[in-house]
Amino acid sequence: MNDLVKENKLLDTVINSFKIEGKVIRDCRVEVYADKNTVSSILLFAKNQLGYIHLAHMTCVDWIDQGEYEMIYTIYSPVDKITLFVKTRIDRENPVMENIDTIWDQANTYEREMREMFGIEFPGLIGEHDFILEDWDQIPPMRKEFDTHKYAAETFFTRPGREDAKDVRDEINKRSGAKVPEFAKKYSRE
Amino acid sequence: MENDKNSQKIVDYIQNFARKHSLFVLAYGTGCGAIEIPATMTSRYDAERFGIRGAATPRQADVLLITGYLSTKTLKRVIRVYEQMQEPKYVIGFGSCTINGGMYYDSYNTINGLDQYLPVDVYINGCMPRPEAVISGFVKLQELIMAGRANNGEKYRENLEHYRTNQKKIIKNWKMPDYNW
């Protein structure tokens, strides 16, 4: 039905221009893995040459085991109708990433949020340091080593009756005697 | 003396009756619960037949309706609003989030249990409570007012230290005016 012609053409263009890796995920989804220094050139190239004019999303994933943050830039072309993901890994110890709000203004908001939630520094980023959180004196809350349960238990008042926080699925199974399906066992809290 | 007591009773009755039938609700929506308020106010459920209607500013309002989760950032504003309101003032906690945190019970940024920070008159359970439940909560508040038991503004003033301790535990950078009620 669809032999992914335009997706492969885009992938070839990008990986041949920058000598990077990438793959076609499915129709209308292409991703490339870039070095952190080439990301802004890829984004500029995609915006100016290929017509990927829309920054749809920009996010960060915490890979605590590998000691890295993964930055994901999602850009979209209204002509090709393809979503291109540009992914890069940055060091977790000293997270610094290039500021791209000169390319897209709306990146400023995402970057301020990431600075607050993950502690990633963007040199040259304009904006107050307090963005969503107020008076925050802990480590950035979206980092995986931040223990949300412990923090909430220490800071807020739990109402009696809520502290055990039973697993709904386990409770239902216990009362009705139903068998737990194999895939559900790994989500159990017991 | 006996006569005085009786006449005071009559005055209280009239006063409570009047208060009960004109509950001005501050139009301040926090969280997702604010979406139920238009349904409650408009023609199908028509809350105005109970005397419940919106007020534009805190100083004109009687009821502070906390509709849903409160982030710590919003809590600061809510406290400021509550302290600006004139007595008699009532607080209604709306939805599970105000009762025990609801689905945000382990969040780093939303409070669990509103009554640790502000005195709450009536809690309405549900996620979300339907307009019937909201009206039922208001009727409960009216009963409390009629029985003379809805005096939480006074309670807040008397136990201000307790509430301030809890509030300052969360709001570390306390730059708010102190009112002398």
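Predicted model: local features only at pLDDT ≥ 70, side-chain atom pairs only at ≥ 80, totals over all residues.
Local features need pLDDT of at least 70 and side-chain atom pairs count only at pLDDT 80 or more, while totals for chains, interfaces and linings use all residues. Residues are numbered from 1 along each chain as its sequence is written, and chains are lettered from A and ligands numbered from 1 in the order in which they are written.

Chain B first. Its secondary structure comes to 7 helices and 5 strands, where helices (H or I, at least four residues) and strands (E, at least two) are DSSP runs numbered from the N terminus. Going along the sequence, the pattern reads α-β-α-β-β-α-β-α-β-α-α-α. The radius of gyration of chain B, taken over C-alpha atoms, is 17 Å, close to the 16 Å that the globule rule (2.2 Å times the number of residues to the power 0.38) gives for 181 residues, so chain B is as compact as a globular protein of that length. Along the principal axes, the C-alpha atoms of chain B fill a box of roughly 55 × 40 × 25 Å. Of the 181 residues, 36% count as buried; a residue is buried if 20 or more other C-beta atoms lie within 10 Å of its own, exposed if 12 or fewer, and partly exposed in between, with C-beta atoms placed from the backbone. Two residues are in contact if their C-beta atoms, placed from the backbone, lie within 7 Å. Among contacts in chain B with a separation of 6 or more, 81% come from residues 24 or more positions apart.

What sits in the middle? The largest nonpolar core has 40 residues, and those with the most contacts inside it are Val63(B), Leu64(B), Leu65(B) and Ile92(B). Such a core is a set of buried Ala, Val, Leu, Ile, Met, Phe, Trp, Tyr and Cys residues joined through C-beta atoms within 7 Å. Several elements of chain B each supply at least two residues of this core, including strand 1 (23-26), strand 3 (63-67), helix 3 (72-84) and helix 5 (131-146). A second, separate core of 26 residues includes Ala46(A), Met71(A), Ile75(A) and Met97(A).

Strand 3 of chain B is worth a stop. Here 5 of its 5 residues are buried, with Val63(B), Leu65(B) and Thr67(B) on one side and Leu64(B) and Ile66(B) on the other. Leaving out residues up to four places away in sequence, Leu64(B) touches Leu26(B), Tyr28(B), Val81(B), Tyr82(B), Met85(B), Lys89(B) and Val91(B). Strand 3 and strand 4 of chain B run parallel and are joined by 5 bridges; two strands pair if DSSP finds at least two bridges between them. Within this pair, Ile66(B) has Gly93(B) as its bridge partner.

A cis peptide bond joins Glu87(B) and Pro88(B), with omega about 0°, and Pro88(B) lies in the loop between helix 3 and strand 4. Another cis peptide bond links Cys127(B) to Met128(B), with omega about -10°. Gly153(B), in helix 6 (residues 152-158), touches Glu87(B), Pro88(B) and Lys89(B), not counting residues up to four places away in sequence.

Now for chain A. Its 5 strands form an open sheet in the order 1-2-5-4-3, with mixed pairing. Strand 1 (21-26) and strand 3 (54-63) stand at the edges, each with a single partner strand, so one side of each is left without a neighbour in the sheet. Strand 2 (residues 29-34) and strand 5 (residues 82-91) of chain A pair in the parallel sense over 6 bridges, and Val32(A) is partnered with Val86(A) in strand 5.

Pro95(A) lies in the loop between strand 5 and helix 3 (107-117) of chain A, and with 21 C-beta neighbours inside 10 Å it counts as buried. In contrast, Lys19(A) counts as exposed, with 8 C-beta neighbours inside 10 Å. Phi of Lys19(A) is near 55°, a positive value in a residue other than glycine.

Finally, the two chains meet: 15 residues of chain A are in contact with 17 residues of chain B.
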